[in-house]
Amino acid sequence: ASDSPDIRGILADCGILIQDPTDTNYAKALDAVLADKATLRKLKALSVQKARSYSWENVLASIEDVYKQVHSAST
């Protein structure tokens, strides 16, 4: 993915970030990761783990925490 601050926060530990996001650079990064099976397995495992953190239960818990913080700050 493109190495922008928003994307970096999500994919920094489980993806490949492209400094200069051109078609050629994306293709080079994809070729490199496909050629390196160990890195591909590592990124796959990290991606699955990251995706699980976005389950409805985890997202709901985070939203509830925000509401609790707002409520306690206003009382």
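Modeller: D3 is buried, because its relative accessible area is 18%, and the cut-off for buried is under 20%. This is a predicted model, and the area is computed from its atoms. D3 is found in the segment before α1, the helix of residues 5-11. Leaving aside residues up to four places away in sequence, D3 touches R8, L17, I18 and Q19.

As for the rest of the chain, buried residues make up 8% of the 75 residues, and D3 is one of the buried residues. The secondary structure comes to four helices and zero strands, in the order α-α-α-α along the sequence. The radius of gyration is 17 Å, whereas a compact globule of 75 residues would have a value near 11 Å. The C-alpha trace spans about 55 × 25 × 15 Å along its principal axes. Of the contacts between residues at least 6 apart in sequence, 35% join residues at least 24 apart.

L30, L34 and L40 make a nonpolar surface patch of about 250 Å². Of these residues, L30 lies in helix α2, which covers residues 23-35. To return to the residue you asked about, D3 is buried and has R8, L17, I18 and Q19 as contacts beyond four places in sequence.

Technical notes:
Residues are numbered from 1 along each chain as its sequence is written. This is a predicted model: local features need pLDDT of at least 70, side-chain atom pairs count only at pLDDT 80 or more; totals for chains, interfaces and linings use all residues. Side-chain values use heavy atoms; hydrogens and water are left out. Patches are made of residues with over 30% relative accessible area and no salt bridge: like charges are joined within 9 Å, nonpolar side chains (Val, Leu, Ile, Met, Phe, Trp, Tyr) within 5 Å. Accessible areas come from the Shrake-Rupley method with a 1.4 Å probe; for residues, only the protein chains shown count as cover. A salt bridge is a side-chain nitrogen of Lys or Arg within 4 Å of a carboxyl oxygen of Asp or Glu. Helices (H or I, at least four residues) and strands (E, at least two) are DSSP runs, numbered from the N terminus. The radius of gyration is taken over C-alpha atoms; the globule rule is 2.2 Å times the number of residues to the power 0.38. Buried means under 20% relative accessible area, exposed over 50%, partly exposed in between (1.4 Å probe, protein chains only). Contact means heavy atoms within 4.5 Å.
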